[in-house]
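Hello,

As promised, here is the chain we talked about, ready for you to open in your viewer. My notes on what I found in it follow below.

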Amino acid sequence: MSSRFDQPIAREGSGALKYDGRQQTFGTSEIMPMWVADMDFAVPAAVTEALQARIAHPVFGYSLAPDSLYQALMDWLLIKHGWPVQREWIVLTPGVVPSLNLVVAALTAPDEGVIVQPPVYFPFFSAVTGQQRHLVENPLRLTSDHAHQPQYQMDMDHLTACAQQARMLLLCSPHNPVGRVWQTAEMEAILSIADQHDLVVLSDEIHADLVYAEAQHQPLSRLAMQAETTEQTALSHRVITAVSPSKTFNIPGLGLSALIVPNTAHRQAIQRQLNTLGLSVTNPLNMAAFEAAYRGGGNWLNELMPYLQATRDAAVAYIQAELPSIKVIVPQATYLLWLDCRALNLHDAALKRFFIEEAQLGLSPGAMFGHGGEGFMRMNIGTPQAKVLAALAQLKAACSRHGLST
């Protein structure tokens, strides 16, 4: 059956970075863009209607976030994730990437260690080094799951060693780019290490709603709350969570997110940092979209996820059957595929050129995600399924022309 998500939407000329930034990024506009992590799908009708209603008012002055916005977020987190969040824990911010920088700046001192787990979304690195903090890397390990499929794991012994020289851990959950949904045992181990070594954990959970049927996301903060005992009542106060409707409902350009901060001292420090930088949340349009997405986007998301899962499964099947030199790490979440291209025996610059010049595809090079990303490419499949399969056919043809198909 045809889906609303099968309908192509022309984005060229709309100022879309993904499309109108091709020439600047890849040196040509004659490529299929599958890089920037936004989707080529129309947003939920509830979002469009809320924006149209707000635009009908002719004044766009400095705005206050209404109580109903906070309640919409709290209701979503409770219903979707079983996570009871208190109103005073919520700090609105102008995006998740700014949030990473804010929290690192507010809660660590210059030269203190901050742990990241590469390969990981590249702003994690700059959030540390840009604040003159010490970058401590705890690389993920590429192993195999019970079905002998490639899958990433955390190196907990090494994380423990890293924690001895750090003040904070930046956790990506679910993980971008490798698509892992961390299991309960892994999350509990993180909480134990954080408690033993006095770590603050900033958990970026921006992809938490984009989880496939075989997995289940657990908010780290909720797990910490459940694990607390009378002797250990502050475990959840070590966790700060970044959330946003931006990835879930395809509204990243509107730039509004939230930090969930149970610890009062942490919350006050983050608010001071916001004030110091002159950052405030006053945009009436992103507020309208934020609230409407959480209030009225649920049915849209319920349609999206089976579509994305079908696209993922079709892409994986194609790669496994037609592109034997490329291995795909099957994501448990996100609309991103992590492609292991190391068997093509191309160094990173040559691999990027091959995708651009031969396959005419614009993907995100794995090397930009840090150590362990060399030889990989990240592919955005948040687009009509026919386009994804056409892209893979272009890749197959390019590999065949250059004898790279076996």
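Predicted model: local features only at pLDDT ≥ 70, side-chain atom pairs only at ≥ 80, totals over all residues.

You will find aspartate 111 in the loop between helix H5 (96-107) and E3; at 63% relative accessibility, it counts as exposed. For context, most residues other than glycine have a negative phi, and most peptide bonds are trans.

That brings me to the peptide bonds. Proline 118 is joined to proline 119 by a cis bond, with omega near 0°, and proline 119 belongs to the loop between E3 and helix H6 (123-129). A cis bond also leads from asparagine 176 to proline 177, here with omega near 20°. Proline 177 is part of the loop between E7 and H8.

Now for the overall picture. The chain holds 14 helices and 15 strands. Its radius of gyration is 21 Å, close to the 22 Å that the globule rule gives for 406 residues, so the chain is as compact as a globular protein of that length. The C-alpha trace spans about 60 × 55 × 35 Å along its principal axes. Of the 406 residues, 55% are buried. The accessible surface comes to about 16700 Å², and carbon and sulfur atoms account for 52% of it. If you take the contacts between residues at least 6 apart in sequence, 73% of them join residues at least 24 apart.

E7 pairs with E3 (residues 113-116) in the parallel sense over 2 bridges, and valine 114 has methionine 168 of E7 as its bridge partner. E7 is also joined to E8 by 5 bridges, again running parallel, with leucine 169 opposite valine 201 in E8. How many of the residues of E7 are buried? The count is 5 of 5, and both faces are covered: Met168, Leu170 and Cys172 lie on one side, Leu169 and Leu171 on the other.

In H9, Leu220, Ser221, Arg222, Leu223 and Ala224 are buried. Their cover includes helix H4 (67-81), E7, helix H8 (184-197), strand E8 (200-204) and strand E9 (239-243).

There is also an open sheet of 4 strands, with antiparallel pairing and the order E11-E12-E15-E14. E11 (327-329) and E14 (364-365) are at its edges with a single partner strand each, so one side of each is left without a neighbour in the sheet. E11 and E12 (residues 336-340) run antiparallel and are joined by 3 bridges; valine 328 stands opposite leucine 339 in E12.

Finally, the aromatic rings. The count comes to 15 aromatic pairs. In one of them, phenylalanine 249 and tyrosine 294 have ring centres 6.0 Å apart and planes at 90°, so the pair is edge-to-face. This pair links distant parts of the chain, 45 residues apart: phenylalanine 249 is in the loop between E9 and strand E10 (257-260), and tyrosine 294 is in helix H11 (residues 284-296). Are these two residues buried or exposed? Phenylalanine 249 is buried, with a relative accessible area of 0%, and tyrosine 294 counts as buried at 7%. Ring pairs also link Phe5, Phe41, Trp76, Phe249, Phe290, Tyr294, Trp300 and Tyr307 into a cluster.

Notes:
Residues numbered from 1 in each chain as written. Heavy atoms only, no water. Pairing = 2+ DSSP bridges. Buried < 20%, exposed > 50% of the residue type's maximum accessible area, 1.4 Å probe, protein only. Contact = heavy atoms within 4.5 Å. Rg over C-alpha atoms; globule rule 2.2 N^0.38 Å. Areas by Shrake-Rupley, 256 points an atom, 1.4 Å probe, with all protein chains shown as cover. Phe/Tyr/Trp six-rings, centres within 6.5 Å; stacked < 30°, edge-to-face > 60°.
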